[in-house]
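Welcome, and thanks for taking a look at this one with us. Please have the structure open as you read the points below.

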There are 4 protein chains.
Amino acid sequence: MISVGIIGGTGYTGKYLLEYVKQHQKILDYSIYANSSAGSQLLDIFPELLGVIENQTIQSVNALSFEHDLYFISLPHGESLKYVPMLLEKGIKVIDLGGDYRLDSKELYNEWYGFEHSSSNLLSEKVYGLVDIANEKILNSNFIANPGCYPTSVQLGLIPLVKKFSDEIISISTVSYSGTSGAGKKAKTELLLSELDGNVKAYSVNKHRHQPEIEQELAKYGMKSPYAFTTHLLPIARGIYSTSTVHLNYEVSEDEVKQIYSDWYADSKFVRMRNTPPELKWVVNTNFCDINISAKDKTVIITSTIDNLIKGASGQAIQNMNKMYGWDETLGLLNSNFIKA
Amino acid sequence: MISVGIIGGTGYTGKYLLEYVKQHQKILDYSIYANSSAGSQLLDIFPELLGVIENQTIQSVNALSFEHDLYFISLPHGESLKYVPMLLEKGIKVIDLGGDYRLDSKELYNEWYGFEHSSSNLLSEKVYGLVDIANEKILNSNFIANPGCYPTSVQLGLIPLVKKFSDEIISISTVSYSGTSGAGKKAKTELLLSELDGNVKAYSVNKHRHQPEIEQELAKYGMKSPYAFTTHLLPIARGIYSTSTVHLNYEVSEDEVKQIYSDWYADSKFVRMRNTPPELKWVVNTNFCDINISAKDKTVIITSTIDNLIKGASGQAIQNMNKMYGWDETLGLLNSNFIKA
Amino acid sequence: MISVGIIGGTGYTGKYLLEYVKQHQKILDYSIYANSSAGSQLLDIFPELLGVIENQTIQSVNALSFEHDLYFISLPHGESLKYVPMLLEKGIKVIDLGGDYRLDSKELYNEWYGFEHSSSNLLSEKVYGLVDIANEKILNSNFIANPGCYPTSVQLGLIPLVKKFSDEIISISTVSYSGTSGAGKKAKTELLLSELDGNVKAYSVNKHRHQPEIEQELAKYGMKSPYAFTTHLLPIARGIYSTSTVHLNYEVSEDEVKQIYSDWYADSKFVRMRNTPPELKWVVNTNFCDINISAKDKTVIITSTIDNLIKGASGQAIQNMNKMYGWDETLGLLNSNFIKA
Amino acid sequence: MISVGIIGGTGYTGKYLLEYVKQHQKILDYSIYANSSAGSQLLDIFPELLGVIENQTIQSVNALSFEHDLYFISLPHGESLKYVPMLLEKGIKVIDLGGDYRLDSKELYNEWYGFEHSSSNLLSEKVYGLVDIANEKILNSNFIANPGCYPTSVQLGLIPLVKKFSDEIISISTVSYSGTSGAGKKAKTELLLSELDGNVKAYSVNKHRHQPEIEQELAKYGMKSPYAFTTHLLPIARGIYSTSTVHLNYEVSEDEVKQIYSDWYADSKFVRMRNTPPELKWVVNTNFCDINISAKDKTVIITSTIDNLIKGASGQAIQNMNKMYGWDETLGLLNSNFIKA
């Protein structure tokens, strides 16, 4: 049994993290820390949790204790930098759900995030927690950078193919659509229902911070081709749907490609290979990533879908925790009870 | 041909006002005035109008000219007070789309709007512009208070019945649901798509400013019974759906009630009596109000629906203008062209 | 530990019933029976359950076994009549989620359902399972008629008030809005997303089968006043929002009414009294019913909301089962795990 | 002034065709023909048109007259074949909104549509009506194959680039998302709001009939590279959003590419080049196609959006008619009146 701290637990991601932590059989107790919500009552922030979770006062990050075994950090970009070094120094485990340590090089932070990384020495210490791709480094690690939501959906869909055909691939492009909860809970006119009802738009074209994350990781599996990534907003709150098109100089059979994926994910509890393009609703409120492969001539089209707040954030974080401690990877994650509270 | 000024033309209502004005065959020219948007280009605020409306600079209300024959005012509560007296004094016509002059008594403004009315002498000068209910006072009037969106849907549905059965009615209650555009364009967390997707909630119960407006007007048609009014937010941008339940001490036949409404609206171009409960989509983007009557035993249920931004605001304002000038009431409003730009 | 049969487990309600049954700690095993889906694989009908529930062949109701301790029946109107008498005769427990036994009199079935009830002797044997209203008859009963979705939301909101003020109430009206899943999974043009997107409409006005159910039950708590009930379709899949307006000949204080409700539901695990109008999203995917009271002058407005498929069907059925067997009422229902599979 | 026949005017596309025809200043009169709806009253099919369009009886296609100057055909695949040859033989003009004559070769119909083309001699007679791309052949032509909805959005976005860089392009992929109205009005479970609310899915991957149409037309502008096309369903009724990724072996500057498009569409009334990715809502209910270009390194990303029922069907058909007769291309299409009726 461990004790857990949640730093920044009052946003959309934080809520699910909290619910997972609350009911996890290996977690004895937990505390919640936040910035602007400090001093508030938990049930004022999440009234839907009445009767499900005991009320408690949100504590201030300024008075962060170091009494927990593991801290989940779910803060805006640049904020994790303030807490990670001191926690690690004290030998405390950290799972960071933000982007502050996902990239491997200081330079990429200057270029894509626009800040000078203040603890770049830790970039090589973190383990990138794409946990469904076999990664024994997670076990016993102290510091996990939890992957971004888009990158999780994209990489789970592309890595097996890239690894196998890196020499034959001539181009890859991904078009992703996300629900609005990925943009956070802050009030912005462009995120009003009045603006987005019945609407769709691309955004951050060629500028999305998840692009260097995807390129960095795919390169580790051999990607040499150009890669393009375009993100769009869906007029719904939850879920990511990613469609990747891979052009090769080689005619692959659909059966061959499907076999590669089946083999790769044979033991995975959370990646489900599908014979038809998956529906986003199949994965909403779950930690699953559903993937379909379609190949014709020299082109492979891969559709993959996740819940951005669960598999793309809190669910994967819990799965990483389970793996860190050597527990069953599905603990607290595969219950068929959909009661969301 | 007249010249028109639009004060506050950059919100959701303003956009449709602008489009109506732009194409109205009796309007020679127009200017747009605003507060915070002053100095902006119109097409930066409404990029969808590119190719439809010529770009122009939004002028400041602080430099309001008095060169137009008629001004439409579409400002937040309390703001019309600043402009209406001076415009009327100069003999200029005004159609106010806000609530500052809809109520008849100074006291109601203290109670429901929370401000001291600074030109309460004008409250009795205005004509309440519920234009589909025969109101010859509109013709040649100088000052119209354009009805609220909810009150338009509710009153068109209730007045014929109230007028006929005021002595027999024992209670009336209206439950209205509105799209979010009624709440305006200002960024608020509670209006984010992430909060409202798949969601519904009642709000301002027993506190909505449209309640005294409805009660004031229904009283003029004889209402003596208690009246209850509850407003809700729909997870869509446009439209209002009002369901009024009238309990009587008298058993009415559905045919009798339907005949009353048919007679009442026989010449109306914009109220459409329906044999089934109307669908909200039938009226979205139009100036129509669709109404259905269902009676059983001593109860009459009336459903009525409008587009909150058109019939509930800009469309009715144009219809009022047409009537003020003695033009065909449908000018610019009944074109079957749905091109919305 | 008991063994359970689900008859008609392939619709929207059936899916959640199945998930609840699958994970319930007191249920040892279960079988699924259906009509048109007989012979199909469960995972072909619910592909989203892959990895959560073991696949199995849906059995035919024509080959219904009698080996289970309890049967849940989730079939269209008129279909339960075929199975309930023979199951009860064999001493097997039944929870019927349909409407075939909810009403108390044979005549009401002729009038509202349009069929001749073939086992009307059982109408008085059933216990009406509105389980959050203290009902000790459920314990040890063999036959529960699970309440309709609308009636559940309406009655939980009205019974405490009706019971207390039956002599003072002069009229009650309820306006309910429901997501489309309540209309079932059968293909109909009027239920297409293309028809309902951004749309709202009233339906079955003065003709809804849930009206006599509500009137029958409220009468048991003393209701003498006229009652009106109007149902509407929301452009979303899940949830019911009911707004009841009660006119009295007596001025009640809001505090007084709130106290009545607090007392009534003091021990309830699933009715949550709220200080603001509840949001539908607070209850989606849960077995909760959230209620708010607003009183002013002689009028009380009650908003109540549930998930139509959970509290309005499968969740309440499980709660009834728990109560029948004397288990903790919350078993399998209050887990904070929202994983829906 | 001409007289017009609409064959198949009772679906989603037909309604808008009807409204355009009704108000077009060059159209004197019109008749509506249909199959299963023959004998119905127009206002029973489109109740929202009450007060906007005169009621009329839908005539049967079996009693098709030949008295009109021009026929619009809006029928399911394979149905236009029955009418086009006889109309053309009589010297009557035809604009076919279906797919029966869009492809140039008989073989493609066998492969992609699964039928033997019965008048393949006419395939070379038709003019493919992508009217915003300069095509003087439309003027004075008798027979227009109106482009598919997806192909319209995709080709307007790609043709200028393909024409310029055909030798440098190494791959093109398009990911398109469409509202559900593109799937028609026929009742199917998979198109229910209950199934699609909050949902997204790819469909017809590598099998969509619009793929050969796009490839055929892009080839005419020089495309030699592989092309991939993936279609998805959005949980909204209206609009198409297409994102095309073009990989080149040549580093292009964004300015250079933007200039190519600006030049190309300088005189276009309906293609609007945008400096940011367009929003789908900007074009809904209009005949516009909005396009944005983003280029970086050797990749160009093009987003383009249209209303599938207007620019992707009825609006483009009217624009084609205008061009056929040598009228102003914008007649009846650029009114800023959004009243949709």
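In this briefing, a residue is called buried if 20 or more other C-beta atoms lie within 10 Å of its own. Please keep in mind that this is a predicted model.

**A residue in chain D**

- D:Leu42 belongs to helix α2 of chain D, which covers residues 42-45.
- Is D:Leu42 buried or exposed? D:Leu42 counts as buried because 22 C-beta neighbours lie inside 10 Å.
- Leaving aside residues up to four places away in sequence, D:Leu42 is in touch with D:Ile32, D:Ile53, D:Asn55, D:Gln56 and D:Ile58.
- D:Lys15 is 27 residues apart from D:Leu42 along the chain, and 9.8 Å separates their C-alpha atoms.

**Where chain D meets chain A**

- Chain D brings 37 residues to this contact, and chain A brings 37 residues as well.
- On the side of chain D that touches chain A, the elements giving two or more residues are the strands β8 (169-178), β9 (201-203), β10 (227-233), β11 (240-248), β13 (289-296) and β14 (299-306) of chain D.
- Of these, β8(D) supplies the largest share, with 5 residues.
- By class, that side of chain D has 18 nonpolar, 13 polar and 6 charged residues.

**A helix pair in chain B**

- Helix α1 (residues 12-23) and helix α9 (residues 310-324) of chain B have axes that come within 9 Å and cross at roughly 30 degrees.
- How do the two run? An angle under 35 degrees counts as roughly parallel, so α1(B) is roughly parallel to α9(B).
- The crossing of α1(B) with α9(B) is right-handed.
- From α1(B), the contact uses B:Thr13, B:Tyr16, B:Leu17 and B:Tyr20, while α9(B) contributes B:Ile310, B:Ala313, B:Ser314, B:Ala317 and B:Ile318.
- The residues in this contact comprise 7 nonpolar and 2 polar ones, with no charged residues.

**A sheet in chain C**

- Chain C has an open sheet of 7 strands with mixed pairing, in the order β9-β10-β8-β11-β14-β13-β12.
- Which strands stand at the edges? They are β9 (201-203) and β12 (271-274) of chain C; each has a single partner strand, so one side of each lacks a neighbour in the sheet.
- On average, and ignoring direction, neighbouring strands in this sheet are turned by 25 degrees against each other.
- Within chain C, β8 (residues 169-178) pairs with β11 (residues 240-248) in the antiparallel sense over 9 bridges.
- Opposite C:Ile172 stands C:Val246 in β11(C).

Conventions:
Residues are numbered from 1 along each chain as its sequence is written. Chains are lettered from A and ligands numbered from 1 in the order in which they are written. This is a predicted model: local features need pLDDT of at least 70, side-chain atom pairs count only at pLDDT 80 or more; totals for chains, interfaces and linings use all residues. Helices (H or I, at least four residues) and strands (E, at least two) are DSSP runs, numbered from the N terminus. A residue is buried if 20 or more other C-beta atoms lie within 10 Å of its own, exposed if 12 or fewer, and partly exposed in between; C-beta atoms are placed from the backbone. Two residues are in contact if their C-beta atoms, placed from the backbone, lie within 7 Å. Ala, Val, Leu, Ile, Met, Phe, Trp, Tyr, Cys and Pro count as nonpolar, Asp, Glu, Lys and Arg as charged, and the others, Gly among them, as polar. Axes are lines fitted to C-alpha atoms, for helices over the stretch in contact, and angles run from 0 to 180 degrees between N-to-C directions. Angles under 35 degrees count as roughly parallel, over 145 as roughly antiparallel, 65 to 115 as roughly perpendicular and the rest as oblique. A crossing is left-handed if the near helix is turned anticlockwise from the far one by less than a right angle, and right-handed if clockwise. Two strands pair if DSSP finds at least two bridges between them.
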